[in-house]
Amino acid sequence: MNTAAKFLILLVVVLFSADNVITKVYDPCDLAKEMVEKHRFTKTDIADWICLIRWESNFNTSEIGRLNADSSMDHGLFQISDKYWCVEGQVDGACGIDCKALRDDDIKDDSICVRRIFRLTKQRTGNGFDAWAAWKQRCQNQNVQSYIAHCK
Ligand SMILES: *[C@@H]1O[C@H](CO)[C@@H](O)[C@H](O)[C@H]1NC(C)=O
């Protein structure tokens, strides 16, 4: 077997082995750009989102939060909770999504779920970011622009 064929087999094995969840650790500036251009986040509050993601997942799309007191867990870049929003191994929860899909490198489905969380929380409290403890602790009333100030 030639080297190219061996490489191809290795690639296929790697891609389809284990959980088949591909991690991506984002650069904050690339992430801000992608969120605005591809996932319909508004420029006005992108700095808040980048701050939130910094403290929720440190830009790692595969992050799993440690077990909460009620044994729920948080998934992915936005640390979406399986208490309400997703179900492991099933397309279900308030976002109708498998938690595993929130831990891969494709943040399109995460973004759709996040907007739902934001909208429902905003109806309840007046501020959609209230859904994220890290935002309240680290980003609210802080200079969040500093998280993207260096971006071109
Ligand atoms: C991303 O998070 C996953 C799950 O916690 C972890 O296994 C992986 O090492 C992390 N990657 C980086 C680069 O921190």
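Student: What makes Arg-138 count as lying over the face of Trp-55?

Tutor: Arg-138 is 3.9 Å from the ring centre of Trp-55. A charge sits over a ring if NZ of Lys or CZ of Arg is within 6 Å of the ring centre and within 35 degrees of the ring normal. Arg-115 does something of this kind too: its charged end sits over the ring of Phe-41, 5.6 Å from the centre. Keep in mind that this is a predicted model, where local features need pLDDT of at least 70 and side-chain atom pairs pLDDT 80 or more, while totals for chains, interfaces and linings use all residues. Residues are numbered from 1 along each chain as its sequence is written, and side-chain values use heavy atoms, with hydrogens and water left out.

Student: Why is the pair of Phe-41 and Trp-49 called edge-to-face?

Tutor: Rings of Phe, Tyr and Trp (its six-membered ring) pair if their centres lie within 6.5 Å; planes under 30 degrees apart are stacked, over 60 edge-to-face, and the rest tilted. Here the centres are 5.2 Å apart and the planes at 75°, so edge-to-face it is. Trp-49 also pairs edge-to-face with Phe-78, at 5.9 Å between centres and 80° between planes. (Helices, H or I, of at least four residues and strands, E, of at least two are DSSP runs, numbered from the N terminus.)

Student: How do you know whether Trp-49 is buried or exposed?

Tutor: Buried means under 20% relative accessible area, exposed over 50%, and partly exposed in between (1.4 Å probe, protein chains only). Trp-49 has 3%, so it's buried. Phe-78, at 0%, is therefore buried as well.

Student: And what about Ser-81, buried or exposed?

Tutor: Its relative accessible area is 14%, so Ser-81 counts as buried. You'll find Ser-81 in strand β2.

Student: What makes a nonpolar core, and which residues touch the most other members of the largest one?

Tutor: A nonpolar core is a set of buried Ala, Val, Leu, Ile, Met, Phe, Trp, Tyr and Cys residues joined through side-chain atoms within 4.5 Å. The largest one has 34 residues, and Leu-31, Met-35, Trp-49, Phe-78 and Trp-132 touch the most other members. Helix α3 gives the largest share, seven residues.
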